[in-house]
Amino acid sequence: RTIRLADYRLPDFLIDAVDLAFDLREDGATVTSRLTMRRNPATSDPAAPLVLDGQDLKLTGIALDGEALGANRYTVDAEHLTVTDLPGVFTLDITTEIAPQQNTTMQGLYTSGGNFCTQCEAEGFRHITYYLDRPDILARYTTTIVADKAKYPVLLSNGNPVETTDLGGGRHRAKWEDPFPKPSYLFALVAGDLVAVEDSFTTRSGRDIALKIFTRRGDHTKVDHAMRALKASMAWDEQVYGFEYDLDLFMIVAVSDFNMGAMENKGLNIFNTALVLASRETATDGDFQRVESVVAHEYFHNWTGNRITCRDWFQLSLKEGLTVFRDQEFSGDMNSRPVQRITDVRRLRAIQFPEDGGPIAHPIRPESYIEINNFYTPTVYEKGAEVIRMIHTLIGPERYRKGMDLYVARHDGQAATCENFVAAMEDASGTDLKLFRRWYSQAGTPEIVVEDSWDDAAGRYSLTLRQSTGPTPGQPDKQPLHIPFALGLLDAQGRDLPVRLAGEAAPAAGTRVLSLTAAEQRFDFDGLAARPVPSLFRGFSAPIKLAPQPRDRLAFLFAHDSDPFNRWEAGQQLATQLLLEGVAARKAGQDWRLDAEFVAAIGRLLDDPALDAAFIAEATALPGESFLADQMRVIDVEGIHAVREAARLAVATALRDRLLAVYRANDDHGPFDVSAAAVGKRALKNAALSYLGLLRDDAEATALVLAQARGAQTMTDVLAALTVLRDRDIPERAQVLQDFYDRWQDEPLVIDKWFALQATSSLPGTLDAIRALTRHPAFTLRNPNRARALISSLAMGNPLHFHAADGAGYAFLADQVLALNAANPQLAARILVPLGRWQRHDPGRQAAMQAQLDRILAAPDLSRDVYEIAAKSRA
Ligand code: ARG
Ligand code: ZN
């Protein structure tokens, strides 16, 4: 059944208060719920029945205003409890039995490592009790939890603790009260044997907030970074947005079995351990940064998501796009801003662009869905963040802040829509965003072609931009979008010139934000002594694809652009052109060598003292195989791999001594920290190592790799060396991998890295190795992190072997999808996505991918989640 945005209706009933009581036992749980309800004055049907959502529940009691309800007054089906003949105001008492220990779906109430926890977004609450499980129902919750005191000493829910009581007989009870009305998806409960690390934060108005991070015993030594990130987030949100925390207690709980990254439940965030635990020995610098950004993301949801929530799930990007934009800006302030932007754009291009060009392309505000869990997508999150960023770019930071203030003034305590958000931005800024709204309803990545011309006599430079967006499923015809066009003009020395539109007074030199609003539009610039070099879409001012630019321009920008993003981008675009030329040459059986000028440019970057190390590491890395594939009409899987590796080897060979010098200069053995400077040094050192490691006959380079793999003191360094060895068929490889396993076998998150590493190897026989790893005692499909480490690493991080011409990679993925379909539909649907990207492969691969989709679609008892992705992918 398809759910449509156009079918949204106000609820017939409202819930003012919810009193929940949980009796948690080893054989299940009893949930009693008292709902204080009334008919919605805003709707008209006084006789409408009450239809509550509920799934996999055993109803054992129902009473209206304290009186047991006769069987003629209600009906139960697989997804609802319907009650008729209700008065205007009433209370409903409902008792249900559930089986958290048998719940493998990781939604609703389930157990992880013997502890109880919940995941209710989007529709998990209906697996706990009958309820109006929709985000526009805001109610005040109290929660009472009764459980064994020895097994579950810690009992948590949203809000403030109001009472704990020893009940005797080894059982105890805790009661929680959340003063803020909230939707059911923000409900949370945790019961377990956990230890807390505590700290505090004083808000700008002087309130002391207790901060607690709960983990299993032993993991509590790895939460310092998360706690630091939490305090930094709280301070940042006050400074940048004026948002202060609103309860006296903020808690985070780490759980090992979790489908997603983390969840912003009011006052009680629940995190995947992978996104909260970090230590020097077990986590890479990338992990540290992800922990920081996800801690911030979930904390930021307290205002953008919780205080102001979504009217319906089509509005998901209202909270997710906005909150991702907020966490990206926070991370930019905490770390290297240019490298943060580069990382975010890389990610957008790696995961969102393919989605926008594939079978499940959808606008950031989708119009329909079968299973909402399938719409927690890179489009809703990452493209959604780009849309907020474009508003920020178009109206500027001050007016953006006024827009946020107005949005909060209007909608605090409400369930809002994307339209409400844009209207607030429009009203506060005085900028017409009518056309801009199309970003919310139109799918697909716009493509932009730019032509320039120079009139020497008039001193006038002109740029003509053409935009077009290709068809996507259900949207054959596209309209022009309002696209912020951040432009710089450089002189022959690479200095920024004023960007002066014809007829204007001269502005200051530097970047200028223009608006592209038509399918074709010309911009004329005056006051120029000579033809300038344009730096287009600086900072990636819109999520678009820009047509290839002249190589001499790219080479110039790669050497000179003052906009660090565009400097990096020029290098990537230049490398892309060169590598794709190599792929074509290889296919035609011709010789090809990486342009010596380009190699020399990389060499100059390596020891440019004006640049920071993290930036150099990014700028000297070639574009990845998936990015290259995304630029080809018909993807040449082997060609891309072979040419890219040949190019990397050419860089390593030509620059060997300089790479070695860079390695040594950045090999820091001082005290460990994750400051931008220290992280940058490690990144540059390891960028050099990844090139040096390609020099197979170079004993010095190989010794360096082995020494770092065996003896490095940080996971960043160990993993960088292992990543080199992963692709090298040398005798030491097996032993180093075994030693790593032996050392870390009790650290699940490190063992995940061990699986992922092997799944991404380019060596022959990798798929057999992966199949063998599915039988390793440490492998299980039941733990999402472990399943993703092996399966998604192959499907998303190893194009060479996933897209093996014989189709074995596809068959393997389909096997895993079917194995997970019943136990964990959400995860099964997610790992299936790469199988739908057959459109730009050769006919043989297309047929092989489609055959596996057909096999999945023919399986009995397909979950809604898997059905939706497989069916849309096959269409
Ligand atoms: N709201 C969470 C976040 O962005 C994600 C929860 C998604 N859960 C799900 N089952 N789809 O941080
Ligand atoms: Zn979120």
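**Exercise 1. In the hairpin of S17 and S18, find the glycine that takes a positive phi, and then describe how the two strands pair.**

Step 1. The hairpin of S17 and S18 has five residues between its strands, and glycine 206 takes a positive phi near 90° there. Before going on, note that this is a predicted model, in which local features need pLDDT of at least 70 and side-chain atom pairs count only at pLDDT 80 or more, while totals for chains, interfaces and linings use all residues. Residues are numbered from 1 along each chain as its sequence is written, and chains are lettered from A and ligands numbered from 1 in the order in which they are written.

Step 2. Strands (E, at least two residues) and helices (H or I, at least four) are DSSP runs numbered from the N terminus. Two strands pair if DSSP finds at least two bridges between them.

Step 3. Strand S17 (residues 195-202) and strand S18 (residues 208-215) pair in the antiparallel sense over eight bridges. One example is threonine 202, whose bridge partner in S18 is aspartate 208.

Step 4. Now follow S18 to strand S19 (residues 249-255): these two pair in the parallel sense over five bridges. Isoleucine 213 stands opposite isoleucine 252 in S19.

**Exercise 2. State how confident the predictor is in this model.**

Step 1. Confidence in each residue is given by pLDDT, on a scale from 0 to 100. The protein chain averages 98, and 100% of the residues score at least 70.

Step 2. For the model, ipTM is 0.98 and pTM is 0.99.

**Exercise 3. Trace how S2, S3 and S9 pair.**

Step 1. Start with strand S2 (residues 13-25) and strand S3 (residues 28-39), which pair in the antiparallel sense over twelve bridges. A hairpin with two residues joins them, and phenylalanine 13 stands opposite arginine 39 in S3.

Step 2. S3 also pairs with strand S9 (residues 89-98), in the antiparallel sense over ten bridges. Here threonine 30 stands opposite glutamate 97 in S9.

**Exercise 4. Decide whether aspartate 85 is buried or exposed, and whether methionine 106 is buried or exposed.**

Step 1. Aspartate 85 lies in the loop between strand S8 (80-83) and S9, and methionine 106 in the loop between S9 and strand S10 (108-112).

Step 2. Look at phi. Aspartate 85 has a positive phi near 55° without being a glycine; methionine 106, also not a glycine, has a positive phi of about 60°.

Step 3. Count neighbours. A residue is buried if 20 or more other C-beta atoms lie within 10 Å of its own, exposed if 12 or fewer, and partly exposed in between, with C-beta atoms placed from the backbone.

Step 4. Aspartate 85 is exposed because 11 other C-beta atoms lie within 10 Å. Methionine 106 is buried because 24 other C-beta atoms lie within 10 Å.

**Exercise 5. Describe the shell around ligand 1.**

Step 1. A residue is near a molecule if its C-beta atom, placed from the backbone, lies within 6 Å of it. There are 13 residues around ligand 1, and those that come nearest are Glu121, Met260, Met263, Asn373 and Tyr376.

Step 2. Strand S20 (262-263) and helix H2 (285-300) each supply at least two residues of this shell.

Step 3. Sort by class: Ala, Val, Leu, Ile, Met, Phe, Trp, Tyr, Cys and Pro are nonpolar, Asp, Glu, Lys and Arg are charged, and the others, Gly among them, are polar. The shell has five nonpolar, four polar and four charged residues.

Step 4. Take a second look at glutamate 121: its peptide bond to alanine 122 is cis, with omega near 0°. Alanine 122 sits in the loop between strand S11 (115-119) and strand S12 (139-148).

**Exercise 6. Work out where leucine 528 sits and what it touches.**

Step 1. Leucine 528 is in the loop between S30 and strand S31 (533-535). Leucine 528 counts as buried because it has 20 C-beta neighbours inside 10 Å.

Step 2. Two residues are in contact if their C-beta atoms, placed from the backbone, lie within 7 Å. Leaving aside neighbours within four places in sequence, leucine 528 is in contact with Gly459, Tyr461 and Leu497.
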